[in-house]
Each structure stands twice: as structure tokens, then as C-alpha cells.
There are 2 protein chains.
Amino acid sequence: MEEEKKTVRAVERALDVLLCFASGHEWGLTEIAGKVGLHKSTIHRLLATLEDRGFVTRDPSTEKYRLGLSILELSAHLSRSDDPSVMLLPEMERLRDQLNETISLYVRDRTERVRIQAVQSMQAIRRVATVGARLPLSVGASSKVLLAFADPGVRSAVLTDPAWPAQLEREAFAKQLDDILAAGYATSFEEREPGAAAVAAPIFNRSGKLVAALSVSGPSNRLTPDRMHEFAPAIVESAHRMGTMLG
Amino acid sequence: MEEEKKTVRAVERALDVLLCFASGHEWGLTEIAGKVGLHKSTIHRLLATLEDRGFVTRDPSTEKYRLGLSILELSAHLSRSDDPSVMLLPEMERLRDQLNETISLYVRDRTERVRIQAVQSMQAIRRVATVGARLPLSVGASSKVLLAFADPGVRSAVLTDPAWPAQLEREAFAKQLDDILAAGYATSFEEREPGAAAVAAPIFNRSGKLVAALSVSGPSNRLTPDRMHEFAPAIVESAHRMGTMLG
DNA sequence: TAACAGGGTTTCATAGAGTGAAACGGATTA
DNA sequence: TAATCCGTTTCACTCTATGAAACCCTGTTA
């Protein structure tokens, strides 16, 4: 049962160090060593390398490490003109203006989902959504959309992943996904965060492949279950229109 | 004369692979191997590692590599609330509205400068500036500001850097920097790019340390030398106001 | 149809690169 | 002055990253 990994350990470790900065923006060397479970001297060398290439910098005042400008440089080249997160922005803004709630766009990345675009509601009480956030695929309306409408192979692969939460009853969850598949959209009510609710619909490209989930989220007192089902047709239609904009 | 490098070679190479994506967004394995000068199999392993951690992905259609969503995740945590690029945005927009030219914010990163923020002119013909761009420190108004007002140690270190363009006459350049230091701002006319001109002024934080250069740039027929000197006081004043906003 | 070319993938022996324990140094606090 | 708590440096050992070569595709040329 030998798992042949064709990866480079030192690089894996360095990238794990970088990923520490996905939660919180400033860490000391020892803190990072604790987080990734490696010896101080190892982290020291990795950080020196990352710093040399501009991926991290040391804050002059606090002496702690933070992300460097190379990340900025790379992120500038992330979105291309045919990128969904750019192409779909106008339609997202239109939908936001129509419903006046926060609109997010999620894609699946292995066994998680990533928010690749968001436009905020204008209301005083609103869902605040940061682009780039990485969330579990096990809860939330968009998660269920990303699983329900995925290729069957993807769905079963994710559900049988060892990292999948064990307490979640697979039978019931799979049943729920089938219902969503039939309904064409998903809702969640205080599922991931108390006080928050969301409706999500799938976006397919022209060749019928699931590319993203479009979600409308807000406080649960405004987005009641009734209200969400009322919104659903508009969201499904908007998601459909977005699909036709993609290759 | 052994330079003791305390960095990790494999990680350096992996980061160099990532930095390939700072120019152009899509590369094949062999192309990358050519760019960084390593063997195909080495690049293959490094890319597999980067892909495993979500730093690159393969485009399903073209089979080429491009940046992954982990970059997006990290870039979301780049700008903090006390980040100049966020703090100074309103004032940059105000200045743009006043002069109706493109406004950029540059910081020095070792022997280069990086555009950390930009707001575009509304005119039909305008300077288009992408955030994150990395430019040489040897030409352009902002470059000269970043050097002229830097600590003397920094200035001489950069000017004597082996990578500094040899044809540039150091004497004359140093003289020019001193003039800029006296004037309080710098201009450049078709210096880096034909048809483009710029004025730049230094931004100091409350403790008097140079933190960034504020630049106004546009087509050289609008930004004539005369016009730039006319604009200068407004730009210097705006830069000064920005400085008071920073810690 | 065979030969070729140009991408990506896999294997493998070898050297030398990365590793972590421990010791060191420099702050800050008791 | 002792005691912490970081970050830095050193060093012997082992394991890991390396690149040459061979291999596998798919598409192109003769």
C-alpha cells in the first residue's frame, strides 16, 4: 500500500507556510512552526527563501512575517478577460440590484469551494463576502449545488473522501442532493452560520458542464424559507443567462 | 568569496516557476522548463507539487498550466485596513477627478518598484495602469522619487547593485536625484515608454519615512513639461495629505 | 502507414541538499 | 541577574531532489 507521491517535500512545506497567511495576515516564525508542525530552523530557511523571492516580507515594526508583493504581482494575472469572475460581474450586479442581497460566485476546488467573485448588498445589514474565501463543501446552499449538479464521479469521490465529515449521514445527504437536482436550485437556512441564509443555482457552460454556483445570501430574517423559494426562479434564470455568456 | 545562501534550492525553483505566470497567464511544461532553465522532469515534479496545493491548475481545454485559486485566496488577505493601497484610495480618486489623469501608487521593493494601487483617468486616451506591475527603478518619475527621497544607504545600495544598468551614468543620475530632492517632485517625459509622461511626488508617513511615490501619468501631448510643472504643487500637496493619513 | 516530432510522464542511480537537534544571541520581563 | 521567549546559526547524517534517458501519447509529415 505504498502511495507514490511525485511531489517535492520542501516545496510542499514552503507552500503550507504560505497558506498560513490565508487566515490572518501576520505571523511570527515560531507561530508558523507550530502551525505547520516543523522545526524552527526549517521554517526559518523556508521563510528566508520565500522572502528572497518576495512572497513574504517582514513588517518593519512588528518584525513578523506577512505576504509580500509577489502575491500581488501574480494575482494581477489571475483574471483573464474570459474569466467567469470578470465576465459575470455585470450580471451579478444586476441581480444584486434586483434582489438587494449579497451575490457570490463559487467554484469547486477538489473537496472545497472557493468564492471567486462577490458583490455586496447595499443594505445596512448584509452578508459580507470576501473574494478568495475557501469554504467546506459539506454545508451551505452553493455546496449542495456544486455537488448535486457535478458529474456523478465527482459527487461520489467527494462523498467518500476520508476528509468528509463522518457525522454527516451520507444516505440522507445524497437524497437531499437528488432533490436539489430535481428542483434546479438549493437553499440553506442557518446551516453554516447562524443568522445567515442562502439560495444557490448552478451555472453550466454552453457544453453543459457545471462551472460555478451562483448564490444569493443574507440575514435569515430577510431570507426566510418562503422568501427564498420566491426568489429562486429569478436566480435560476440569472444563472442560466450567465451560462450562455461563457464558452 | 563564498556567498552563504541560507535558502532552499527546490523552493527557490518552485517560486521561480510561479513567477513565470507574472508575464502571461498560460504556459506548457516545456515552455516553463525553458524559461527557468531546468530539466523537464524537475519542472514536472515542481508543477505537480504546486498543483497539489492549488497554486497552479491545468486548463482543461488547453492542457496548459495557469495560476490556481490559492493565489486568489492569499491575495484576499494582502490588503489590510491599514494598508496604504486601501487607505489612500479615496484621495487618489479625488486627485484623479481634479486632474483627470491616471493616478498610481508605487512602493520600492529591493531594486524594483511595484504599482500597489491605481485609479484610471476617465478620458478616452489614457494611461492604463495594472495593479501589481513590477517595473525597473532606473527610469520613470516615480523611480526617481523613490530613490531621491530614500535613506542615503538605500540610494547608494541600489545604484551600486550589480544589476543596475551599466550604461546609465551614475554621476549624472545622482545629480538628477539631488535636484529632485530639492524640488520636492520628479517628472519624466517619454522616458520609459514613448508617448507617456508622468509627475511623481513622495509620500512620507508621520515619522518622516518614505513609504510610497504618488504619480500622475498620461499621454505626453497632454502632460507637456510645462503642464506637469503646473500640476506639481497639487500633486505634492495631495501626497502630503496622504502622508498624514498613514501611521 | 510508417516515420517523425513535440509534448508530457515515469524510472532510477547518485550526490549533495535539506533536515532537525542543539547551541547561541539578543531582546524583554521578573 | 536569572529567566523567558524569539530568531539565528552550526553541523553531521540521511534521505531527498535531481537530470539523463527511456517511454507514452497525439498529431503531423513523408
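Chain B can be superposed on chain A with an RMSD of 0.1 Å, by a turn of 180° and a shift of 0.1 Å along the axis. The two copies are thus related as by a two-fold rotation axis. The model is a predicted one.

**Symmetry and the contact between the chains**

- Within chain B, the residue that comes closest to the rotation axis is B:Val11, whose C-alpha lies at 2.5 Å.
- Both copies use the same surface, since 100% of the contact residues of chain B recur in chain A.
- The contact joins 41 residues of chain B to 41 residues of chain A.
- On the side of chain B that touches chain A, two or more residues come from each of α1, α3, α4 (69-75) and β4 (112-119) of chain B.
- This side of chain B is made up of 23 nonpolar, nine polar and nine charged residues.

**Surroundings of the DNA strands**

- DNA strand C is surrounded by 18 residues, of which A:Thr42, B:Arg9, B:Gly28, B:Leu29 and B:Ser41 are the closest.
- At least two residues of the surface near DNA strand C are supplied by each of α1 (9-19) and α3 (40-52) of chain A, and by each of α1 (9-19), α2 (29-36) and α3 (40-52) of chain B.
- By class, the residues near DNA strand C are five nonpolar, seven polar and six charged.
- DNA strand D is also surrounded by 18 residues, and here the closest are A:Arg9, A:Gly28, A:Leu29, A:Ser41 and B:Thr42.
- For the surface near DNA strand D, at least two residues come from each of α1, α2 and α3 of chain A, and from each of α1 and α3 of chain B.
- The surface near DNA strand D comprises five nonpolar, seven polar and six charged residues.

**Nonpolar core and buried residues**

- The largest nonpolar core contains 127 residues.
- The residues with the most contacts inside this core are A:Val145, A:Ala200, A:Leu214, B:Ala14, B:Val145, B:Ala200 and B:Leu214.
- Leaving aside residues up to four places away in sequence, B:Ala200 touches B:Ala141, B:Ser142, B:Val145, B:Tyr185, B:Ala186, B:Ala213, B:Leu214 and B:Ser215.
- In α1(A), the buried residues are A:Val11, A:Arg13, A:Ala14, A:Leu15, A:Val17 and A:Leu18.
- The cover over these buried residues of α1(A) draws on both chains: it includes α2 (29-36) and α3 of chain A, together with α1, α3 and α4 of chain B.

**Fold of chain A**

- Chain A has 10 helices and eight strands.
- Taken along the principal axes, the C-alpha atoms of chain A fill a box of roughly 55 × 50 × 35 Å.
- Chain A has 247 residues, and 38% of them count as buried.
- Among the contacts in chain A with a separation of 6 or more, 55% are between residues 24 or more positions apart.

**A hairpin in chain A**

- Strand β6 (residues 186-189) and strand β7 (residues 196-204) of chain A pair in the antiparallel sense, over four bridges.
- Across this pair, A:Ala186 stands opposite A:Ala200 in β7(A).
- The two strands β6(A) and β7(A) form a hairpin, with six residues between them.
- In the turn of this hairpin, A:Glu190 has a positive phi of about 50°.

Definitions and conventions. Residues numbered from 1 in each chain as written. Chains lettered and ligands numbered in written order. Predicted model: local features only at pLDDT ≥ 70, side-chain atom pairs only at ≥ 80, totals over all residues. Least-squares fit on C-alpha atoms with pLDDT ≥ 70 in both. Contact = placed C-beta atoms within 7 Å. Near = placed C-beta within 6 Å. Nonpolar A, V, L, I, M, F, W, Y, C, P; charged D, E, K, R; others polar. Core = buried A, V, L, I, M, F, W, Y, C linked by C-beta atoms within 7 Å. Buried ≥ 20, exposed ≤ 12 C-beta atoms within 10 Å, placed from the backbone. Pairing = 2+ DSSP bridges.
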